[in-house]
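Please look through the sequence and the model below before reading on.

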Amino acid sequence: MTVIDGKKISEEIQNEISAEVKKIRSSGGKIPHLAAVLVGNDGASETYVGGKVKACEKVGFKSTLVRLPGTVSENDLLKKIAELNCDNDIDGFIVQLPLPKHISDRKVIETIDPKKDVDGFHPVNVGRMALNLPSYLPATPYGILQLIERYKIETTGKNCVVIGRSHIVGSPMSILMARNAYPGNCTVTITHSKTKNLKEICLSADILIVALGKAEFLTADYVKQGTVVIDVGITRVKSDKTKSGWKLLGDVKYDEVAPKCSFITPVPGGVGPMTITALLMNTLKASKMEIYT
Ligand code: NAP
């Protein structure tokens, strides 16, 4: 059994990006620039955006944090997005979700110029991904593809079961694993809360991607010997064993599932660190105009 080290791979990729930024800098090229829009002061969103800005600094990107009050009108936010769309110095930007209830996520996402949509949430990018055309891939699925690729995990002809059909993880993951590409070429089954016989379906999986958001849901009886298990779930639970008073759990009951796996991602340290790195990869692509030439 191999434990997939997302922290190590993430560092490796960030070092590669840093080296590329150094080259760009020494040749007098334009430094990649990511902007992040943060509406309101939700604690988790602050942490996520802070992590993205810090990662930009680490690899040598420029970053801009646009803070707007939680009371900002939908119209004013859309105006801000239109400004960012036209700002030639900004290569890509994200609007941190979730947004306050009076603002439509859909309208916001659809206002972002697909060429600058480094989160890969705009319908144009989702459509291009489904058609296997160059597109920004959503960060978490993109990060998972990197892990599969860098650990040289065989995917062609394998049965891949995805648990969860969210727009940010499960649904794109199922599309990507079915594409005629590597990683891909799997026979994919996507499952959700209405799925019947989930255990039976999971037992048919060679690759199991688990993204339902229920701590330690997947137990050993769902997994056949030799399966590749990718655990996307992150749930914060109280703990009296840690200094902070809480710990993170995945969707997989790691201790009992790991011995049956050929590869498994731990939580923390598996998929999590890859998400920000994938956003950096998309930003570099945006600055090099690799997707939309
Ligand atoms: P989500 O939007 O809540 O979607 C959960 C999906 O799981 C839904 O499709 C739901 O089905 C399905 N589901 C719920 N209970 C189920 C059950 N008993 N059996 C089968 N399917 C079930 O969640 P998400 O945004 O995709 O996130 C999933 C988890 O990944 C969360 O823990 C989240 O924190 C984590 N996450 C981690 C990262 C990272 O960087 N590592 C990034 C994003 C998300 P229905 O559609 O029928 O409701």
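A backbone N or O atom of V232 lies 3.4 Å from an oxygen atom of the ligand, a separation that falls inside the limit for a polar contact, which is a pair of N or O atoms within 3.5 Å; within protein, one atom must be able to donate a hydrogen and the other to accept it, and residues adjacent in sequence count only if both atoms are side-chain atoms. This is a predicted model, in which local features need pLDDT of at least 70 and side-chain atom pairs count only at pLDDT 80 or more, while totals for chains, interfaces and linings use all residues. Residues are numbered from 1 along each chain as its sequence is written, and side-chain values use heavy atoms, with hydrogens and water left out.

Side chains also reach the ligand: an N or O atom in the side chain of R165 is 2.7 Å from a ligand oxygen atom, and for the side chain of S193 the corresponding distance to an oxygen atom of the ligand is 2.5 Å. Taken alone, the ligand exposes 930 Å², of which the protein buries 71%; such areas come from the Shrake-Rupley method with a 1.4 Å probe, and for residues only the protein chains shown count as cover. There are 21 residues around the ligand, and R165, S166, S193, I234 and T275 come nearest, where a residue is near a molecule or strand if one of its heavy atoms lies within 4 Å of it. By class, this shell has 10 nonpolar, 9 polar and 2 charged residues, with Ala, Val, Leu, Ile, Met, Phe, Trp, Tyr, Cys and Pro counted as nonpolar, Asp, Glu, Lys and Arg as charged, and the others, Gly among them, as polar.

P273 has its place in helix α10, where helices (H or I, at least four residues) and strands (E, at least two) are DSSP runs numbered from the N terminus. At 24% relative accessibility P273 counts as partly exposed, given that buried means under 20% relative accessible area, exposed over 50%, and partly exposed in between (1.4 Å probe, protein chains only).

The next topic is the aromatic rings. A pair of aromatic rings is described by the distance of the centres and the angle of the planes. The structure holds 3 aromatic pairs, the rule being that rings of Phe, Tyr and Trp (its six-membered ring) pair if their centres lie within 6.5 Å, with planes under 30 degrees apart counted as stacked, over 60 as edge-to-face and the rest as tilted. One of them is the tilted pair of Y136 and Y292, at 6.2 Å centre to centre and with 45° between the planes. This pair links distant parts of the chain, 156 residues apart, with Y136 in the loop between α5 (123-130) and α6 (139-150) and Y292 in the segment after α10 (272-287); both Y136 and Y292 are buried. The rings of Y151 and F263 have centres 6.4 Å apart and planes at 75°, so that pair is edge-to-face. Here too distant parts of the chain are linked, since Y151 lies in the loop between α6 and β5 (159-163) and F263 in strand β11 (residues 261-264), 112 residues apart, and both Y151 and F263 are buried.

The backbone has features of its own. Most residues other than glycine have a negative phi, and most peptide bonds are trans. The peptide bond from L97 to P98, however, is cis, with omega near 0°, and P98 sits in the loop between β4 (92-95) and α4 (105-111). A cis peptide bond also joins V267 and P268, with omega about 0°, and P268 is found in the loop between β11 and α10. N132, in the loop between α5 and α6, has a positive phi of about 60° although it is not a glycine, and N132 is partly exposed with a relative accessible area of 36%. K152, in the loop between α6 and β5, likewise has a positive phi, of about 50°, without being a glycine, and K152 is exposed at 72% relative accessible area.

Finally, E74 lies in helix α3 (residues 74-86) and is buried, with a relative accessible area of 18%, while a polar contact of 2.9 Å joins the side chains of E74 and K107.
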